[in-house]
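Please open the structure in your viewer and keep the selection panel at hand. The tour begins with the ligand and its surroundings, and then moves on to a helix.

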Amino acid sequence: MNDRERLLEQSWMINAEAWTKSVRENQIESRKIATDQAILDEINRFDPKRVLDVGCGEGWLVRTLGMQGMEVVGMDGSLELINKAQSAGGGHFVHLNYSDLTKAPSRLGSQFDVIVCNFSLLSEDISTILQSLAPLLSADGVILIQTLHPFSVAQHDRYEDGWREESFTGMGEGYKSSMPWYYRTMGSWLNEVQADGHLKLLHCQEPINPTTGKPLSLLITVTKNTN
Ligand SMILES: C[S@@+](CC[C@H](N)C(=O)[O-])C[C@H]1O[C@@H](n2cnc3c(N)ncnc32)[C@H](O)[C@@H]1O
């Protein structure tokens with residue numbers, strides 16, 4: 001793990017309180033407008049029985065799906081966030097970071113119909129994580145990845161892969177640390193999720209803000225490549 005990745009993980013321990021407040025008090029505009037509903041609709045399209053929420057944070061998605069009757073496992077590298085998720089209930093929670101996940105993925109269980117990464121793939125190497133998750137899928141299982149839309153950043157920055165800094169401006173109060181995260185262009189996302197041939201693209205959506213007409217996120221659905 002390099003220094004940026006260490007700082008990335010640490011930021012979710014330091015900002016756990018502020019992040020939980022932002023999510024639970026609906027302080028993130030894009031989530032209210034479109035992205036929460038977009039991920040729920042895409043999950044429900046597959047009518048899953050078992051779901052794995054990778055980087056589940058304080059657990060809103062686990063709780064929402066649990067209330068719909070799904071069996072949900074949430075995992076996260078921030079002990080502070082996993083404790084908050086656990087206290088609120090709704091599923092089974094595991095404290096694990098991605099580097100330990102890649103060493104022993106079966107710790108999370110298997111036969112998941114949907115594995116969801118909702119704004120939680122933030123580091124440079126995501127293909128190793130996705131490769132470790134692929135064997136945990138059921139026969140027709142899918143992995144859903146929702147992320148910041150590449151064009152929203154490109155409007156005021158270079159359109160090229162690289163590390164950036166998130167300061168959480170406009171997401172609520174109380175953030176004590178910024179977060180390094182790895183920006184990818186659209187092409188880079190589409191190549192990365194299919195790297196090494198373990199997974200193939202099923203489809204790709206771009207939920208938009210109906211007022212501005214601008215994309216709010218990129219939502220990629222992949223499945224096991226059986227060819
Ligand atoms: C933006 S939050 C999203 C949380 C949740 N998925 C949601 O939709 O509210 C990113 C999450 O990814 C987790 N995360 C980031 N890097 C991680 C890593 N290396 N190992 C485990 N979890 C990680 C963080 O702890 C944090 O909970």
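Select the shell around the ligand and colour it by class: there are 10 nonpolar, seven polar and three charged residues, where Ala, Val, Leu, Ile, Met, Phe, Trp, Tyr, Cys and Pro count as nonpolar, Asp, Glu, Lys and Arg as charged, and the others, Gly among them, as polar. This is a predicted model, in which local features need pLDDT of at least 70 and side-chain atom pairs count only at pLDDT 80 or more, while totals for chains, interfaces and linings use all residues. Residues are numbered from 1 along each chain as its sequence is written, and side-chain values use heavy atoms, with hydrogens and water left out.

In total 20 residues surround the ligand, the closest being Arg-31, Gly-55, Asp-76, Tyr-98 and Asn-118; a residue counts here if one of its heavy atoms lies within 4 Å. Helix α1 (residues 3-14) gives the most to this shell, with three residues; helices are DSSP runs of H or I with at least four residues, strands runs of E with at least two, numbered from the N terminus.

Next, select Arg-31, where an N or O atom of the side chain is 2.9 Å from an oxygen atom of the ligand. At Gly-55, a polar backbone atom is 2.7 Å from a ligand nitrogen atom.

Note on methods:
A polar contact is a pair of N or O atoms within 3.5 Å; within protein, one must be able to donate a hydrogen and the other to accept it, and residues adjacent in sequence count only if both atoms are side-chain atoms.
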